[in-house]
Amino acid sequence: MTPVVSLATLWFVLIAVLWTGYFFLEGFDFGVGILTPFLARDDLDRRMCINTIGPTWDANEVWLLVAGGATFAAFPVWYATMFSGFYLALFLLLFGLIIRGVSLEYRGKEHAAAWRAWWDRALFVGSLIPALLWGVAFTDLVHGLQIGSGFHYTGGFFGLLQPVALVGGVAGLALFSLHGAVFLSLKTSGELAGRARAAARLLVVPTAVLVTALVLWAGLDGRGGPVPHRIPATIPWTLGAVAVVAVGVGGIGLWRERDGWTFAATGSAIVALTAAAFTSLFPRVMVSTATGRSLTVWNASSAHETLLVMSVVAAIFTPLVLAYQAWSYWVFRGRITRPPVPDLHS
Amino acid sequence: MITMLDRWQFAVTTVYHFLFVPVSIGLALLVAVMQTLAYRRKDEEWDALARFFGKLFVINFALGIATGIVQEFQFGMNWSNYSVFVGNIFGAPLAIEGLLAFFMESTFLGLWLFGRGRLSARLHLATIWLVSIGTILSALFILAANAWMQHPVGYKVVGNRAELTDFWALLANSTLWAEFSHTFLAAITTGGMVVLGVSAWKLLRRHETAAFARAARLAAAVSLVAVIGVMVTGDLQARLMDEQQPMKMAAAEALYDTQSGASFSILTVGNLSGNPIFQVRVPHLLSLIADMSWNGSVSGIHQIQAHEAATYGPASYVPVIWLSYWSFRLMIGFGVVILAVAIWALVLARRKRLDRSRWFLWASLLAIGAPFLANTFGWIFTEAGRQPWVVNGLMRTDQAISPTVGAGSVALTLAGFTVLYTVLGVIEVMLMSRYARHPLHEDEADSSGSASTPALVY
């Protein structure tokens, strides 16, 4: 038996951190994309919404690319089984991410109303699809899938759409939307910020209910048979409870109009929920419904040399990356104000 | 059947993605150079040019980024057996590319786009250089992964996977440095030819001729130096290929039997089965390319096939000959077109007539397509010429696919990507040509940014 304290475990933790960062950061990007059509009254409002994420959305998405690359390098079997198993779902996800990215960059490049309206639709759809699918995918990983011999997933596309995973998808969608609404209330001003706050108030109760349902349903399950070195169930349970409480705290923040800590609260909910998923997974990375077929940090990981090289590279460059990404948020701090529109008719 | 669909999907998505990659690398560097000239000389005109070509850069880069996610995902999606086999080695440079290059280029692109007026001029200049360095690092690491598929080093095969034994060997791979220098210089050539072609159009329409004449001279000089470099490094690569992948070299010439002092055919009429109807041949050239000697021996397809069959077991180890033969020639041919335009530019520039010769300007405009075609044919040659191997000598392409993904699924996504990419391609070309028509000094988007509030750039 491989020891628990190993480079493979370290990479499990690092990949968990990458996903957590990704959901925290791109979570509000998705929320902004989903809510813009509902909150904006005119083109200027829409531009204000999009510009809150304009300078940073692309670097937020890189968290996903690095999570994917790190999974490929550190856990090739996990990467292979998950990406081939989720084939059609990932195609949908890629479709969403592609049209979303292009819409953000191309929308403002022409002035025609029809041009912008089409890209607005693309931004909405391209944000909605991934916001929904990530919750489905992660619930599937934790809850278990039909994984047979050779670590092959055999459930097909519809095998991914189990009821609990659908709840996970909707809960994720609600949480990302709430997070995005709160982000908009924090980064815009005036009436637009007010509408964002109102949207967040509308979303907070359904989100709390859905997250609670997800934690209870997914967390109660213990499929795939007993596995040594699992983290005591109290830890993921506690983290799940923290996620629910954080959404509630966000509700209080909304009520008191404290945008800063409301954002910290919805962000904490995302972090806690992702942490709950990974702590209930460990040491497994994909749970099989069949006993003894789960992928684990041991049977799915790369050999020592690869993990060592990756660890050294990560130790050197991660602090640097975090520093300049944080600096970019610092540069673009502050609320976007509605510029005075020149009156063309006077 | 499934393997063919998987290969078509990889070809469609990768060729498409790579239309945007070299031009983005090249334009990022050229925009950084223009902005540096503007900063150093306090020159308004270079500043306007940097902004103008910066917009063309961003329109390209957006599609490169959007389609780049597919590149990383599809190894696992369509090639899961490959992913398990190579993950230990191939995954590492991919992950490092994300951490070192993607974060850098995306973060500093945001700072560059939105930071004008918010960052000091010096810091703003630094951001575009960091974007440029990010794009180049990205090329380096992804080519480290690709070079290993052409020429595996620093590994041992254990069970169903190749394990890394020496990371430095991966980075010191001779194939990597030949591929990287060749690809990097090709990217600079591409950026140069786009700037030259767009400037030529402006000069033909007599728009802001003073500024675009400067841009054209810079671009022509850069393209000339870079394209000569492309040819030198291509030659180095050919010699490595002859040593490491002799079948690819033989397929490039459709050379069936080992020959000393082998000649190189510039074109062939008829089929490539060894009995052409008509050929234009340059004596001894293939020996020079492959071996750097007048009478060097170049192995033929039959001999290499016999050798590989003895080594790896009975099967065909011959790639599609016509594809290798013609993609190799088209790559070189479009490179020669670029070289000709660049030399013409040099001659005209010495006579101070570069911005006035309408023949030259028309040629430059038409030559915008040449680097894209050369880049595409170059990669088709590199990848198709390695077949039937996906990792040379270690794993065949038909062993690499995902066993659980059916033909129906792949056909569906292949159709989906093709339609989506076509639509986006049409939009991109339309947007590029509209932006190329924009005047140099147009009023910027109503940027309301100040030191205290972020700007509305989009």
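## Chain A

Select chain A: 58% of its 346 residues count as buried, where buried means 20 or more other C-beta atoms within 10 Å of the residue's own, exposed means 12 or fewer, and partly exposed is in between, with C-beta atoms placed from the backbone. This is a predicted model, in which local features need pLDDT of at least 70 and side-chain atom pairs count only at pLDDT 80 or more, while totals for chains, interfaces and linings use all residues. Residues are numbered from 1 along each chain as its sequence is written, and chains are lettered from A and ligands numbered from 1 in the order in which they are written.

Colour chain A by secondary structure to find 12 helices and 2 strands; helices (H or I, at least four residues) and strands (E, at least two) are DSSP runs, numbered from the N terminus. The order from the N terminus is α-α-α-α-α-α-α-α-α-α-α-β-β-α. Chain A has a radius of gyration of 21 Å, close to the 20 Å that the globule rule gives for 346 residues, so chain A is as compact as a globular protein of that length. That radius is taken over C-alpha atoms, and the rule is 2.2 Å times the number of residues to the power 0.38. The C-alpha trace of chain A spans about 80 × 40 × 35 Å along its principal axes.

Next, select residues 43–53 of chain A, which form helix H2; 8 of the 11 residues are buried. Among the buried residues of H2(A) are A:Arg46, A:Arg47 and A:Asn51, as well as A:Met48 and A:Ile50.

## Chain B

Switch to chain B, which has 14 helices and 8 strands. Buried residues make up 54% of its 458 residues. The C-alpha trace of chain B spans about 70 × 50 × 40 Å along its principal axes. Its radius of gyration is 23 Å, which agrees with the value near 23 Å for a compact globule with 458 residues.

The average is 92, and 97% of the residues score at least 70. Residues 445–451 of chain B have a pLDDT below 50; beyond near neighbours in sequence, this stretch has 15 contacts in the model. Two residues are in contact if their C-beta atoms, placed from the backbone, lie within 7 Å. Where pLDDT is low, the predicted coordinates should not be read in detail.

Go to strand S1 (residues 155–158) of chain B, which is joined to S2(B) by 4 bridges, the two running antiparallel. Strands pair if DSSP finds at least two bridges between them. B:Val158 has B:Arg161 as its bridge partner in S2(B). The hairpin has 2 residues between the strands, and B:Gly159 takes a positive phi near 60° there.

Move on to B:Asp166, in the loop between S2 and helix H5 (167–171) of chain B. B:Asp166 is partly exposed, with 14 other C-beta atoms within 10 Å.

## Where the chains meet

Show both chains: 63 residues of chain B are in contact with 65 residues of chain A. Helix H2 (44–78), helix H3 (80–115), strand S2 (161–164) and helix H14 (407–437) of chain B each supply at least two residues of the side of chain B that touches chain A. Which element gives the largest share of that side? H3(B) does, with 24 residues. By class, this side of chain B has 37 nonpolar, 21 polar and 5 charged residues; Ala, Val, Leu, Ile, Met, Phe, Trp, Tyr, Cys and Pro count as nonpolar, Asp, Glu, Lys and Arg as charged, and the others, Gly among them, as polar. For the complex, the predictor gives an ipTM of 0.93 and a pTM of 0.93.

Finish at B:Ala95, which touches A:Val66, A:Gly69, A:Ala70, A:Phe72, A:Ala73 and A:Met310, not counting residues up to four places away in sequence.

Definitions and conventions. pLDDT = per-residue confidence, 0-100.
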